[in-house]
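Q: I have a new structure to read, and I would like to learn how to go about it. Where do we start?

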Amino acid sequence: MEDSPLLDSGNVLDTKDLKPNAKITSWVLVASLVAVFGGTFQFGYNTGVINTPSDVIQQSLSGCTIGNCTSTITTVQWSTAVSMFAVGGLFGGLGCGPIITALGLRATFAINNLILISAGLMMAFSPEIELFTAGRFIVGVGSGITTVITPKYLSEIAPVAVRGGITTLSQLAITTGILVSQSMGIHAALGSLSGWRILLGFPIIPAGVQLLFIFFIPESPRWLYLTKQRESSASKQLMQLRGGDEKQVQLEINEMKEELRVQKPEQVMGFLELLRARHLWKTLLIGVILQACQQLSGINAIFYYSDSIFKDANVKNEDIATAIAGVVNVVMTVVSIVLIDRLGRRPLLLGGLFGMSASYIILTVALYTEDKAGFMSFVSVLAVILVIVFFAVGPGGVPWLMVAELFPSEAATPAISLCVAFNWIFNFVVGISFTPMQQNVFIPFIVLCAFFGGFVLFFVPETKGKTIEEIQKQLHPSRNISDGIRIHANSTAADFQESEKK
């Protein structure tokens, strides 16, 4: 291990007088923006990009050069192309762990940029459905990788007191990406026979920008210290991220030093070791269910086929309605960022899930009665917007954060990858099942959102302001966890020292 320029490695810093540092330095802000622009923004963009122009894409891939010609693309072929995005995401989410461990987060971002650029070129220049489907798979791989590395990077560079809000920027990037793709994809913009290839090739730009700047932003100090034991490099990156606040850097280095000491006997887990660790099964189940509540809440059914929903509701200008829904999604995600470190994780999840269930009831009733009462078409649009509001505040961003807070460091990388993989599996299930369900699509989501809300109410602990040790004790009250990993979800070493004195 390298010598630290800040610390005498034989001493433990007295941090009892230090208070939480909530300062967001310029480097944290710049690094976060670079990470999300080439990261989860890509996931959001590619989720919604083929929504509005799906008809012209199918016509073009059938050889049409003018509008209103008959597409030869079958329903199965198009559903496969749509679903390959989620299949690719599954492979990307599962496969990026070893790359992160070996090369670090910045190098993983760079490799992923090359994947996304190649996918954009394939889709933009595809002459037929087969190459287009392959491009959707590859862009799914890249998007799957971003859903692991972006929130992980943000959580590892953020000051502890605002970690929840900084990490939720990842979800804000997703919602922004969806809005941008929907706005650019309307028929009056690029959702046309002459413009859709530009639309599908657009991800090359954020990937190229991130590739250009990624090695100028700081590397994750936690990867440098806990994985590579490069203490001096970790201290240097922290000094940059904390604006030269030496006391805060010393505090965080000491916390990582203690974490490394406790972690060493067990080493970093792989997938098999994770699955064999029975004491983590309950935590892993909670992580998987949290990812399930995000996808099986039905939100992707709305964004994949939002035009169809608005047409069924007799909304004449579905482009405007879809854009409004996208703006609501972004605005309410900002609200979530503001509230998540104030109210906590559980209140946002509970309010979001139960609110979505109630909104789906309203939407279902409106769709079934709109033929008898014309005003119900406007009620259905309002219900769709309410679904988005409750999703953005709760299950939209909270699961990404909580998964990172639930697991001890030696299990975090494989556990996050596994949970993200299940997220993509559920994404795939929703994508292939929505079309045949037609008008009845929302009935299962009424039940599922209520079920997930009940699960959160009875089984999911609050992680705000708690150490991993405290969370594990809450999950396993009969288990003696006397030497747990001392990682703070949203607290400082001073809080930990006080708890040790009690």
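A: We start with how two helices pack. Axes are lines fitted to C-alpha atoms, for helices over the stretch in contact, and angles run from 0 to 180 degrees between N-to-C directions. One caution before the case: this is a predicted model. Here, helix H1 (residues 26–37) packs on helix H11 (residues 204–213) at an angle of about 140°. Their axes lie 8 Å apart.

Q: Which residues make the contact of H1 and H11?

A: H1 supplies Val-34, Ala-35 and Phe-37. H11 supplies Pro-206, Val-209, Gln-210 and Phe-213. Sort the residues of this contact of H1 with H11 by class, and you get six nonpolar, one polar and no charged.

Q: H11 comes up with another helix too. At what angle do H6 and H11 pack?

A: H6 and H11 pack at about 155°, with their axes 9 Å apart. That makes H6 roughly antiparallel to H11. The crossing of H6 and H11 is left-handed.

Q: Which residues of H6 and H11 meet?

A: On the H6 side, they are Phe-109, Ala-110, Asn-113, Leu-114, Leu-116, Ile-117, Gly-120 and Leu-121. On the H11 side, they are Ile-204, Ala-207, Gly-208, Gln-210 and Leu-211. The contact of H6 with H11 divides into nine nonpolar, four polar and no charged residues.

Q: Now H6 and H7. How do their axes cross?

A: Helix H6 covers residues 105–124, and helix H7 covers residues 129–157. Their axes come within 8 Å and cross at roughly 155°. H6 and H7 are therefore roughly antiparallel to each other. H6 passes H7 in a left-handed crossing. By class, the contact of H6 with H7 has 16 nonpolar, eight polar and three charged residues.

Q: Let us step back to the whole chain. How many helices and strands does the protein chain have?

A: The count is 26 helices and zero strands. Next, look at burial. Of the 502 residues in the protein chain, 60% are buried. Then look at contacts along the chain. Among contacts with a separation of 6 or more, 82% join residues 24 or more positions apart.

Q: Which residues have the most contacts inside the largest nonpolar core?

A: They are Trp-78, Phe-132, Tyr-153, Leu-200 and Tyr-360. That core has 117 residues. A second, separate core has 10 residues, including Leu-226, Ala-234, Val-249 and Ile-253.

Q: What does Tyr-360 touch?

A: Leave out residues up to four places away in sequence. Tyr-360 then touches Ser-297, Gly-298, Ile-299, Ile-302, Val-387, Phe-442, Phe-445, Ile-446 and Cys-449.

Q: Next, single residues. Is Lys-152 buried or exposed?

A: Compare its relative accessible area with the cut-off: buried means under 20%. Lys-152 has 14%, so Lys-152 is buried. Its place is in helix H7. Apart from neighbours within four places in sequence, Lys-152 is in contact with Ile-100, Leu-105 and Thr-413.

Q: Where is Leu-457 found?

A: Leu-457 is in helix H24 (residues 442–459). With a relative accessible area of 40%, Leu-457 is partly exposed. Leu-457 and Pro-347 are 110 residues apart in sequence, yet their C-alpha atoms are 9.2 Å apart in space. Neighbours within four places aside, Leu-457 is in contact with Arg-346 and Leu-350.

Q: Where is the place of Thr-176?

A: Thr-176 sits in helix H9 (residues 169–184). Thr-176 counts as partly exposed, at 27% relative accessibility. Its C-alpha atom is separated by 9.4 Å from that of Val-331, 155 residues apart along the chain. Setting aside neighbours within four places in sequence, Thr-176 is in contact with Phe-41 and Val-330.

Notes. Residues are numbered from 1 along each chain as its sequence is written. This is a predicted model: local features need pLDDT of at least 70, side-chain atom pairs count only at pLDDT 80 or more; totals for chains, interfaces and linings use all residues. Side-chain values use heavy atoms; hydrogens and water are left out. Helices (H or I, at least four residues) and strands (E, at least two) are DSSP runs, numbered from the N terminus. Contact means heavy atoms within 4.5 Å. Ala, Val, Leu, Ile, Met, Phe, Trp, Tyr, Cys and Pro count as nonpolar, Asp, Glu, Lys and Arg as charged, and the others, Gly among them, as polar. A nonpolar core is a set of buried Ala, Val, Leu, Ile, Met, Phe, Trp, Tyr and Cys residues joined through side-chain atoms within 4.5 Å. Buried means under 20% relative accessible area, exposed over 50%, partly exposed in between (1.4 Å probe, protein chains only). Angles under 35 degrees count as roughly parallel, over 145 as roughly antiparallel, 65 to 115 as roughly perpendicular and the rest as oblique. A crossing is left-handed if the near helix is turned anticlockwise from the far one by less than a right angle, and right-handed if clockwise.
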